[in-house]
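Here is a short report on two chains and one chain-to-chain contact surface. The structure comes first.

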Amino acid sequence: MFLKEYISEVVNGVSSLLKGMRKTGYYFAHPKEIITEQYPDNRATLLMSDRFKGEVVMPHDENNEHACTGCTACELACPNGTIKVVTKFEVSPEGKKKKAIDALVYRLELCTMCNLCVVACPSDAIKMAPNFEHSVFDRTKLTKVLNQTGSKIREGIE
Amino acid sequence: MFSLEGITTYVQDWLFMKFNPTLALAMECVIVILLAISLFAILGLVLVLMERKVAAHIQIRLGPNRVGPGGMFQTVADTLKLIMKEGLVPDMADKFLFNLAPFVVMMVGMLLLAPIAFAKNFQIWDINIGVLYISSVSSLSVIGILMAGWASNNKYSLLGAMRSGAQIVSYELSAGFAVLTIVVLTGSLQLSDIVNAQQNGWWIFKGHIPAVIAFVLYIIAVTAETNRAPFDLAEAESELTAGFHTEYSGMRFALFFLAEYINIFIVCAIGATLFFGGWMPLHIGNWEAFNHIMDYIPSSVWFMGKTFFLIFLIMWFRWTFPRLRVDQLLNLEWKYLLPISLFNLLLVAVIAILGWHF
Amino acid sequence: MYNQTEIIKDTSELGAEGELVINMGPQHPATHGVLHLVVTLNGETIKKIEPHLGYIHRSIEKMCESLTYRQFIYVTSRMDYLSSHINNLGCALLVEKGMAIEVPDRAKYVRVILSELTRIASHELWLGAMAMDLGAFTPFFYAFREREMITDIMEDTCGARLTMNYIVPGGLMYDIHPDFQKKVKAFITQFKSKVNEYEDLVTNNVIFQSRTKGVGILSAEDAISYGCTGPVARASGVSCDIRKIYPYEVYDKVEFEEVLETAGDSFARYMVRVKEMNQSIRIIEQLIDNIPEGDFVGKTKNVLKLPKGEFYTRVETARGELGVFVVSEGGTTPHRIKFRSPGFSNLSVLNHIAAGSKIGDLMASMGTLDLVIPDIDR
Amino acid sequence: MTNEEIKEYISSLAPAASFDETGEWLNVIVEPAQLKPTMAALRTGKMQMNYLFCLTCVDFKTHLTMVYHLSATTHRQSIVIKANLNREQAVIETVCDIWRTAEFLEREVFEMFGVDFTNHPDLRKLILEDDFKGYPLRKDFEDPINMIKL
């Protein structure tokens, strides 16, 4: 029957639309389901995963010492030339010459956070930090020197 | 009792007491124009904010919440931005029509305000062919849209305007038929008569099945007529970027945007008047106590409450349904809505003759 | 003022009498990126679609020629960024195959679980974006709510939300997060309770069905001839799931069905993806409790050198078959690398399925092809 | 079909073809002039190779090699067809009337390697801009501005 089909078509169509409206109406009436995170306001409580790859940092201990030997493994592992290791020769008190880093230059604007340098590092001197707020007004500020001024290599790391 | 009725009579008496009748009439006109324009501005701000909030809550978001408490002044900030923006006119566009189009659309909205009864005895012009006036004037807005689409010298605009033309012309029919059912039940084209006929119950209850069908048809048809989703083909974002107002910016765009919301308000106000008794409070048969309590709520609150409920309904549609395709849109009108509304009109005529409605 | 004929020198671009040529893209709300389609219209009807690519071409194939076999994996995350994990897996599999590196079972299990999570995340995003193409905005947010849980899992374990680079030749970069299993199970529960929402809002919706059913029909022969893979081909009834035909990692140990539809229209492509999400959940459920203990990375040499020869691997990404073809001269870098990207072949079918339909149908056809533009351009 | 049978079959189609079995699949090297008939026979003949899943070109500095990876959705056997081309005058006949997917893939090879496909219906640049000079994926391509050597 044509008329029967016609009517059932209309009824089915309208009921499918009403089902959809019930779903959206449910969410309208239940503000508790809202999932918005008010980002700059919730900075204090914002939980970033500790593994989040935000930038490369070089951890220093309380004596201002790091673990980087200047082996350039990270520089070789980097696909983009983000890291540049500038080495110098330090003379130890016994008069022995020892290779050490002068500066570990890290260019954040080139970095793709691929983590290959951290994996390549034999002495775990660098790691990824979960900081993701990198915006600066001057592009040159994105080029960072990772070792702090006056820092030196921790004892016992070869 | 607090009512807008008292204020209008007071103002009118005072004016006629102080000035001669011609001057008083002129001053009344100025007041009405000012009120209409400020109503436009306020409605635009409120409805845009409402749309954004409704959309946000349906989409499990918060919506605007930065400017002012709860984002109250967001639309004010938006308006300021739009006013300060440069209004670009595309090269090789028809500059006269391009500039005129937003005003045409806007003026249609303003004209439609005239016969609407906002409260008891609070009406700009109680014309005796009110319903006819509304259906004839409201179809003028398509001219503005076609003008905008043609004058923009943009292919997207042209396609959007053509779609809009086909759409508004077809949906005008079933909107008209839905309105006619109420006219048949009331026996008058005058809006104040229609409201008064609902003294002891709104048409949607009194006219039962045909009135409900007419209401559903009316809501669908006016959603299409105001170019709202799921019938927003004229500005189908994913297909035509922004349809007929692709090339508009700044204040001209704001006028289109405002006109869209004003049109929604007007069609919902008319819907509320026809089916929900306008400013008439909810009265149930002979429950005297209940009716008295309802009478204490001011008539303007009743009117606004009903209108905003219908507006919410239309917004709810928008944020739930996908868009129709252009041929399906016309199919829906000519194959479903029009036959059903013709049948419904017949049904309502029979009911009105036999007196089966309450 | 200048007149119009001066600007348009080549009038052949304008189309014939009664035709309207519009440029859809490179900035257009429906092309989801920088795809440029030159669409010839006759009124509302499409006569011809001609894609212009290259707006996000980064020449990844050329770049990879100067990167070592450890380094080139990360670049592939930037190809099909929605299934970056699976791209990485494809490259790692190639290096492992070429050098016969043993991968520990633990790594294999985690790789497969993450691949399936990536697939669900990609399909969720596609579902939202496709519904948005058809004018329904709300499903996008519901789909993203579930996708967010996956990206959180990815963030915990891989350290990134989109471009993971968690796979190294021989295994994984580091072990999974202690909360990994708990979070994945929480996601499965959430997903199962919410999946009926899509049915209410999208699948059963009469408007959605009328927009997609019978739109953009692709026959099985054409699907094979155009090289379509993934859900696009499976919706036409072509069995092409690499996970079934050439099982890699532990796909031969798990039970799942290859979703096949026969209609070949947009609705069939939609249904294939929705059902595929459920199959992915099924795979994850079988694996998540059985991740074996042990190493997460196998023994590899410090410097990887692929022997001289040609190597080809394929994996099933969310969009279809990704082939990695490497010509090695025996050095530390590939001599030539070719990515057979699923999106490129799937795009080539667009003119075939959308010509003759309405503009609105183009959105349905293009949306269900699930185009990711960086994957097409590479 | 075993590799031996395939070899025999292809030898009957293109007598000058040579074979290489070191890789995963059987590699067949045919003369460029023989390519089109061989491919057509592979598609329609008893092999029914209906699925061209990869088409690319490799620059070996001395010559260019067109590589066609063929498979069939019925028996899932893959073979690789190759054709060596002259670098200066790389011309080969199109296969896009056999497999439709070749149309786009050949356009890509055309602009990236400068291989001219005869009888191609629409051989224009697909990815690069129309006035681009040079063939980027060839080994001798130099672009001092956009290519950064580390």
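This is a predicted model: local features need pLDDT of at least 70, side-chain atom pairs count only at pLDDT 80 or more; totals for chains, interfaces and linings use all residues.

## Chain C: overall build

Residues are numbered from 1 along each chain as its sequence is written, while chains are lettered from A and ligands numbered from 1 in the order in which they are written.

Chain C holds 16 helices and 8 strands. These are DSSP runs numbered from the N terminus: helices are H or I with at least four residues, strands E with at least two. The C-alpha atoms of chain C fill a box of roughly 70 × 50 × 40 Å along the principal axes.

## Where chain C meets chain B

In chain C, 26 residues are in contact with 23 residues of chain B. Contact puts the C-beta atoms, placed from the backbone, within 7 Å. On the chain C side, β1 (20–24), α5 (105–133), α6 (138–158), α8 (206–212) and α15 (359–369) each give two or more residues.

## Chain D

Chain D has 3 helices and 7 strands. From the N terminus, their order is α-β-β-α-β-β-β-β-α-β. The C-alpha atoms of chain D fill a box of roughly 50 × 30 × 25 Å, taken along the principal axes.

How values were computed. Two residues are in contact if their C-beta atoms, placed from the backbone, lie within 7 Å.
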